[in-house]
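Hello,

Here is the structure I promised to pass on. My notes follow below it.

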Amino acid sequence: MSDYIEKLRAALGEVLPDPKRKAETLAGAMAAFDAHQGSGTSTRLNPTRRPLGWILDGVRTMTDILTSRGGLAATTALAALALIVISPVGRDLRNPPASLEVTEAELSPTRPEPGSGDLVAASPVAPRDRPGASSTAQTRRLAVGEAAEEAFSVAPSTVPSAVVGALGQNQPAMDGSRTALRERIAVPLDAPILLPERGTEAFANEPPSALKITADDPVVTFSVDVDTASYSVVRSSLLAGFLPPVGAVRIEEMVNYFPYAYPVPEGPRPFAPSVALLQTPWNDGTRVLQVAIQGAASSRENRPPLNLVFLIDTSGSMHDPNKLPLLKQSFRLMLGQLRPEDDVSIVTYAGSAGEVLAPTPASERAEILSALDRLEAGGSTAGQAGLVQAYDTAATMAADGEVNRVILATDGDFNIGLSDPAALEAFIARQRDAGTYLSVLGFGRGNLDDATMQALAQNGNGQAAYIDTLSEAQKVLVDQLSGALFPIANDVKIQIEFNPARIAEYRLIGYETRALAQTDFNDDRIDAGDVGAGHQVTALFEVTPVGSDAVLSDPLRYGVADASTESDELAFLRLRYKRPGEDQSELIEMPITDAATTNDEARFAAVIAGFGSLLRGVDYTGDWGFEEAIALATEVKGDDPYGYRAEAITLMRLARTLSTR
């Protein structure tokens, strides 16, 4: 300690600070410190503590840090730094650089021109218009002198990161050399102090599909969906003691959450379609048509090498136990499924994007886990810059015959430059077309931006999943790893044409956000869903046979000529898909007849669809309720090796109780 004091004493000499300059500079430093906390564009609360508890925690942490030997050294250096930067103009303290004024242009964010389709790394952004904020914030750059750098020439491990961060370094270099402090920082003198927000969840959904009259509109076209995020969000809500937001319930994702015993594909095709027909659980006058796809499986041994870039949100909102800590545990599980031929890199974003781990063989498990364990939540968000750097890293890892994928892990509360959504979509689409896919994993609740996560994953030819427990991480990142990471078919579209002579009315259950125009089916330029190795896709229709008492529409007085009644076809299935890397689609066609039989797998899928309909408040279920859903699910639960179906019954029971409170 005495060595540091001597160095400071020699640097300072007999200089006496100017009181006015000192007060002005300290005010600026405090404003800079406040500006570096949390998000510059989205404010957050610590959800686990009340404001007073958070302050007390901070006081205890600061006391622990500042009373350590390293802390005492660092705070002594801070005191020296304050004296240095407030020294009278014209005094030479080891030749510090002159202060520089910041222009308005330097504070302007770097943004692409609208519609340009280009994204660039984010620049520091001036505070947005807020109550009490000046529209022309005065800023100055504070020069950091050599004496301060000399004072900080202590072992890196003894310098509190919070202290260094207050000086403007979001990610200080701790490489054993002297910590670099030459970076200048912009200090807004009138930046207001804001409390973070909560309750900013946003979900992607559309109103339930309407009933269609077959004679008027016999064709329905939609993109497949293999995402499962909605079911996990529904589960987290019910286990927390409240019904899920209606917008969070996407019925197709609830149905597709469960594994089913579908026929496996044979021959060169990447998947096999199958159909089933059963009595509708909630309406005696209608039937449920199930259309299913089973993707070809891929073993760990015969899959291509994998290049993974983990893009991890380490902003302050990720502090909760069910966010960054759960994320670390989840990725630990995943690492055990990778092969020595696979490479892993880690990029984080909080304040600025940074590469935490350069591309590393998966066999170097200790090095990867060490980098993962060092991650801590804190600071503001820079999601756009993180995406750019993650894709740049993935480009350096690419090789022929290998699979490139960026996995974004976040609570969804991040700034990715959505002031120009078209530019973001074009950027991710270009990366997708170049061979790098994007998947999104959501963690935590309270500020979950499900809508943005869905948009990112869909544009990136990837899956969106929500991980609320370690068991869910096991399901997504271990049991279904091949399906999540290795595509076997891109732009998969389904089109059903119903026979008006046999089916009077129909409606597609779910898939509201995946609807396509009829003309999109044959247009290979239209982006659609993707199927991974071993993936399953289930689509359900409620159909009303001609002559049923359940028909809701009256026959037209001047209707078109009746279709042939001699055919036993209820409908005709068309399916288009592209093999990975190809631009031209392939077509599968098959008729659907009364010969389609029912089974308990289809019945369980139907009861899950009914469960989702009850949560959404869909009118078509009539008097059928949670009690009936529980009874039917228990009856047709069937083989349940992982307990997923038993868990669904438990959730139905919780929903029944919560709906009657």
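**Helix packing, cores and a sheet**

Helix 18 and helix 19 pack with their axes 9 Å apart, at an angle of about 170°. An angle over 145 degrees counts as roughly antiparallel, so that is how helix 18 and helix 19 run relative to each other. Bear in mind that this is a predicted model.

Helix 18 brings Phe626, Glu627, Ala629, Ile630, Ala633 and Thr634 to the contact. Helix 19 answers with Ile649, Met652, Arg653, Ala655, Arg656 and Ser659. By type, the contact of helix 18 with helix 19 has 7 nonpolar, 3 charged and 2 polar residues.

Next, the cores. The largest nonpolar core has 42 residues. Phe258, Ile608 and Phe611 touch the most other members. Among the elements that give two or more residues to this core are helix 8 (229–239), helix 17 (600–616), helix 18 (626–635) and helix 19 (644–659). Helix 17 supplies the largest share, 10 residues.

Beyond its neighbours within four places in sequence, Phe258 is in contact with Tyr231, Gln536, Phe604, Ile608, Tyr644, Arg645 and Ala648. Another core, of 35 residues, lies apart from the largest one. Its members include Leu306, Leu324, Ala371 and Ala465.

Strand 6 pairs with strand 7 over 9 bridges, in the antiparallel sense.

Best wishes

How values were computed. Residues are numbered from 1 along each chain as its sequence is written. This is a predicted model: local features need pLDDT of at least 70, side-chain atom pairs count only at pLDDT 80 or more; totals for chains, interfaces and linings use all residues. Side-chain values use heavy atoms; hydrogens and water are left out. A nonpolar core is a set of buried Ala, Val, Leu, Ile, Met, Phe, Trp, Tyr and Cys residues joined through side-chain atoms within 4.5 Å. Buried means under 20% relative accessible area, exposed over 50%, partly exposed in between (1.4 Å probe, protein chains only). Helices (H or I, at least four residues) and strands (E, at least two) are DSSP runs, numbered from the N terminus. Contact means heavy atoms within 4.5 Å. Two strands pair if DSSP finds at least two bridges between them. Axes are lines fitted to C-alpha atoms, for helices over the stretch in contact, and angles run from 0 to 180 degrees between N-to-C directions. Angles under 35 degrees count as roughly parallel, over 145 as roughly antiparallel, 65 to 115 as roughly perpendicular and the rest as oblique. Ala, Val, Leu, Ile, Met, Phe, Trp, Tyr, Cys and Pro count as nonpolar, Asp, Glu, Lys and Arg as charged, and the others, Gly among them, as polar.
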